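Student: Could we go through the aromatic rings together? I would like to learn how such labels are decided.

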Amino acid sequence: MTPSPTPSPTTPRADALLRLEGISKTFGGVKALNNVSLELQAGRVYHLLGENGSGKSTLIKIIAGAQPPDAGQIIVRGQSYNQLGALEAIRAGIETVYQDLSLFPNLSVAENVALTTQLDLNGGQLARMLDWGKVKRIAIKALERVGLPTHAGFLAAPVETLPIAVRQLVAIARGIAARASLVIMDEPTAALTQREVENLLLIISSLREEGVSVLFVSHKLEEVFRIGGSVIVLRDGVKVLDGALSDYDETKISFVMTGKQLDQTTYRTGQPQSEVLLEVSNLARGTAFADVSFALHRGEVLGITGLLDSGRNELALALSGVHPATSGEVRLEGSAVQIRNPRDAISLGLGYVPEDRLTEGLFLTKPIRENTVVTVIDTLLKGIQLNFAAMTAKAVGFVKDLQIATPSVDLPVSSLSGGNQQRVMVARWLATKPKVLMLHGPTAGVDVGSKDALYKLVQRLAEGGMGVIIVSDDLPELLMNTDRILVMKKGRIAKEFTTADLEKDLLTQTLLSEDSSAQQ
Amino acid sequence: MNKKALLIGAGIIAVAAIGAVTYTSAQRKWTINTVVKITGIAWFNRMEQGVKEYAKSSGNNATQTGPAQADAAQQIRVLEDLIAKKPDALAVVPMDPATLEAVFAKAAARGIKIITHEADSQKNTLYDIEAFDNVAFGANLNKRLEKCMGGAGKWTVFVGSLGSKTHNQWADGGIANAAKNTKMQLVDAKQETADDADKAYEKAKEIIAKYPDIKGFQGSASTDVAGIGRAVEEAGLNDKVCVYGTSLPSIAGKYLETGAVDGIGFWDPKDAGIVMNKVAQMVLEGKKITNGMDLGIKGYNKVSVTKGAGAGMIIRGAAFVDVDKSNMKSYPF
Amino acid sequence: MLSDGHIRFLIIANGLILLVAALLSKGAFLDPYNFQSMATQLPEIGLLAIAIMLTMVSGNGGIDLSVISSANLSVIVAALVCKALFAGADSSAQAGWSFSVLFVVIALTVGTLCGLLNGLLVARAGYAPILATLGTQLLFLGVATVLTGGPAVILGDIAPLSSIGNGDLLGIPIPFLLFLAVSIGVSLMLSRTRFGFRLYLMGSNAKAAHFAGIQTATVTLVTYTIAGSLAALSGIISSTRSASAKADFGVSYLLIAILIAVMGGVNPSGGYGKILGLALAGVALQMLSSTLSFIGANDFLKDFMWGLLLLLSIGLTDSSLFKTKPKPAPS
């Protein structure tokens with residue numbers, strides 16, 4: 001299916017903030033960008049959409065000066081460049097919040113936030129003597145805007161000690177700390193909860209009012225439409241759409257992005273059975289969470305959500321054995337069980353697809369096969385030796401079942417796109433034939449096509465009698481896939497909803513409300 | 001690919017050039033390899049002078065080599081590589097005689113003659129050359145130290161390594177001498193310096209810090225007094241602390257001048273090197289060394305030949321020298 | 001596979017060194033005695049290199065700086081105990097065998113315990129490997145020095161113990177056969193067993209390994225323990241070669257062993273390393289060293305040439321083994 005390029009605006013505006021003309025980039029034979037031209041005006045919000053492999057990240061890196069294009073021109077501030085250096089991009093007022101955050105883990109929050117302003121000030125070098133007062137002031141201003149604390153302890157905290165959601169906000173703070181004319185945000189809400197997202201939307205509005213443009217890259221179409229503005233869609237390295245968001249709806253955009261129709265309303269099929277599969281009673285771990293009790297039925301899909309400090313992440317880690325609970329009881333199929341480590345969880349039949357596949361799940365440089373069979377290696381032996389044929393067969397089987405796009409299971413898992421990597425993670429846990437499967441943020445950084453496939457898979461598993469728990473902050477995801485949703489607040493389960501009767505607004509409200517309507 | 005080939009080519013040329021420079025030319029009469037404890041220090045550089053002198057005067061193919069580090073394991077490797085080349089004789093100054101017994105046996109089995117120096121406990125050697133009686137030498141150093149200290153006070157002794165036979169003999173000789181005098185108090189004896197001046201310096205500093213009233217140091221490795229002298233000078237104790245040890249004027253000279261080191265004793269490693277090679281030559285020519293023989297080198301004009309630890313003999317000379325500020329100029333090495 | 005280019009480089013390097021050595025020595029280098037001599041010198045360092053390789057592969061900044069000290073301590077304890085038990089015993093063949101067997105058993109046991117201590121410090125107490133093994137290196141050295149008082153413990157010539165270090169089978173020196181056997185054994189363990197599978201994954205991403213149900217503490221513990229046993233084996237070879245056990249023998253071996261591991265393609269960050277590469281690197285370095293001795297070159301030149309070879313191996317193979325972060329695919 002050949003993509004049809006949209007005609008670019010006929011009269012290029014002389015006062016455009018940034019103009020790209022005929023940008024192309026090839027990586028080892030693959031054309032990542034093919035003759036892409038676009039124009040960004042001041043004070044507007046642009047959404048850059050596209051599936052994994054569409055060329056979005058490459059385009060961002062070229063604009064930010066992190067990579068040179070193979071062909072084309074970048075025109076910024078009236079000057080035409082063959083390639084933009086990172087420093088020149090910063091000088092031109094282009095700030096970037098990268099998907100992987102690009103923070104310095106060992107440096108403090110204040111240092112990270114004020115970093116690019118210091119670089120710009122001193123011609124690309126960090127000055128020998130930093131003006132700490134200035135650094136603090138810049139940092140405090142930016143942190144306030146994103147809703148992070150500004151006391152001395154937080155400013156001095158090394159970034160690596162902070163949870164991922166906080167780090168993401170720090171990265172955004174850095175992006176707005178300098179006097180930018182264009183702020184690029186690549187998947188900025190992946191780790192943020194509703195409240196934080198709301199805050200971010202306010203920031204974007206205020207930036208727009210100040211004449212700053214925002215280039216927003218996100219998979220969450222729902223957010224994209226919420227923010228509004230202009231939209232640019234890339235598909236297979238070619239620009240296929242460039243216009244106002246108000247002219248389109250989610251279905252049309254998905255279609256343009258993938259070239260195919262996607263089912264967007266609800267995925268929930270089947271009904272939970274009456275038999276209780278997993279029963280959690282008064283589970284607690286220190287100050288993280290306490291008094292957590294719920295039941296999961298066979299064939300049920302249960303959603304758990306909450307804000308950053310709700311304890312939902314810690315609960316998931318406790319049930320998976322990574323950070324075991326300190327008190328309480330868990331019963332699986334009627335018998336009491338102890339989950340002291342992931343090994344226990346696996347042998348009991350509890351699978352856990354972790355939140356951050358890059359650091360908690362994948363062995364990036366190792367083959368897809370190894371990544372898939374690691375949990376069940378004990379069953380793939382020939383005597384005391386590894387049975388390579390069986391290992392390969394198992395991996396290939398999952399590649400087929402989950403439609404993982406790869407020519408061979410020998411390739412390193414880093415060669416796969418985000419969506420396919422996530423499928424490998426799911427495969428790894430499906431291999432253990434779990435009775436209960438927990439998925440933590442399963443579609444973070446995953447393209448629309450893979451999301452669809454994963455949702456369908458979850459439903460299939462539930463129909464087969466598996467109990468599924470989805471821990472997520474993606475409310476539409478929970479509404480589309482679950483039977484019940486538990487909302488946690490400050491370490492306790494605050495409310496339980498039956499999804500079929502639930503309206504999205506009520507869920508959002510419950511999540512965001514400050515009152516502790518926590519059930520005692 | 002071209003860059004690769006170029007780099008490899010350059011590498012080969014580099015090795016070949018270096019090899020050509022160091023590889024000696026045509027074979028001459030006898031090939032005698034001298035292997036020392038460690039190359040690059042003044043002591044064994046002086047010995048190499050002797051080896052070179054001998055090579056010139058005798059016309060034999062005599063060379064010296066040794067490991068870059070003071071580690072018995074490294075010396076074994078150097079020896080094994082030489083044995084593979086099958087020289088006629090090996091003249092060795094062992095780092096630790098016990099560790100070389102097996103490799104010497106291998107050499108002997110291959111027909112290579114073994115001569116040693118500073119290793120009177122060595123079994124698998126034909127002749128071990130000793131410049132003098134080690135215990136007496138150590139006692140002599142200690143007597144001079146005792147005199148300087150006024151016969152009383154705290155003193156200590158350093159060794160290159162606890163495994164070094166001769167160093168321990170000198171140290172024990174000194175200790176035995178001091179034991180006769182109850183006013184001489186031995187503290188923290190036999191600190192190891194690995195034949196390294198910096199280490200001796202560090203150890204001396206520690207001793208001075210630990211015993212502010214320390215009055216005497218006896219060094220064994222040639223670099224010991226240099227390190228000790230430096231520490232004594234830094235602490236401003238030149239006149240208060242006495243330092244004696246085995247060393248060479250070239251190493252301890254500047255401290256002898258300032259008085260940080262009060263006296264040294266040594267034998268000329270050059271002469272020892274010549275004697276080793278000469279004895280090796282005599283063995284290769286089928287001659288025997290007998291008691292009272294004159295080997296033609298000063299200090300070895302009437303050698304004593306006694307039974308060694310194994311089947312070989314110990315050749316002992318009388319070649320020690322007492323040197324201090326007054327006569328050091330006479331020994332320009 | 002990533003390491004193919006690396007192995008190719010090492011094979012070519014070995015070939016070139018051999019060629020140059022033969023040329024410079026006018027063929028004398030190719031004497032079988034010389035090969036035997038080299039084959040005797042390599043194993044004790046090679047075994048230490050394997051021990052270090054295993055700790056490096058395990059990740060978490062894995063390394064074992066105490067291998068020399070535990071090797072020496074193992075054989076010192078064995079020598080002292082055996083000499084005490086067999087003092088004044090007859091020199092019959094039977095006594096010789098008893099002595100030998102007991103010596104080997106005690107040495108391996110002590111070495112394994114040393115490794116176990118390292119493992120406990122790293123896996124259970126959570127110390128950084130470089131710090132833990134730096135501490136045990138000095139600890140073992142101290143104990144060994146106190147036990148011996150300084151000088152070497154003389155083993156003397158005891159059959160069949162001495163043949164471990166000095167004997168040969170069909171012209172191949174026994175140390176080399178032991179090294180070969182261990183290399184093959186460890187290689188099979190790494191590539192064909194669950195332990196090896198888990199070790200590589202843990203070294204590549206310890207957090208993900210934990211999440212995937214790998215008992216990382218156990219794997220780490222076993223790794224360091226094995227390293228200790230290998231160190232003891234190295235000590236057995238060294239001590240029988242020199243017929244003595246010394247507290248500070250072979251201190252210069254540590255950096256050489258690390259060099260062999262790294263040049264052999266082991267990534268110090270963890271998760272990578274093949275025995276084949278290590279063995280080829282060891283052979284290359286040994287041949288280079290012997291060549292220089294053969295042509296009478298200065299021993300300092302050896303350090304220079306080894307450094308040059310390491311830099312060439314990094315520059316010419318462009319192996320991502322030497323990089324710490326894998327590059328993700330462009331999107």
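**Rings and charges**

Tutor: Gladly! K85(B) lies over the face of F294(C), at 5.5 Å from the ring centre. This is a predicted model, where local features need pLDDT of at least 70, side-chain atom pairs count only at pLDDT 80 or more, and totals for chains, interfaces and linings use all residues. Residues are numbered from 1 along each chain as written, chains are lettered from A and ligands numbered from 1 in written order, and side-chain values use heavy atoms without hydrogens or water.

Student: What makes a charge sit over a ring?

Tutor: NZ of Lys or CZ of Arg must be within 6 Å of the ring centre and within 35 degrees of the ring normal. R110(B) also lies over a ring face, that of Y33(C), at 3.5 Å from the centre.

Student: Why is the pair of F99(C) and F103(C) called stacked?

Tutor: Rings of Phe, Tyr and Trp (its six-membered ring) pair if their centres lie within 6.5 Å; planes under 30 degrees apart are stacked, over 60 edge-to-face and the rest tilted. Here the centres are 6.5 Å apart and the planes at 10°, so the pair is stacked.

Student: How do you know that F103(C) is buried?

Tutor: Buried means under 20% relative accessible area, exposed over 50%, and partly exposed in between (1.4 Å probe, protein chains only). F103(C) has 0%, so F103(C) is buried. F99(C), at 5%, counts as buried too.

Student: Why does W267(B) count as buried?

Tutor: Its relative accessibility is 2%, so W267(B) falls under the cut-off for buried. W267(B) also belongs to a cluster linked by ring pairs, with W43(B) among the members.
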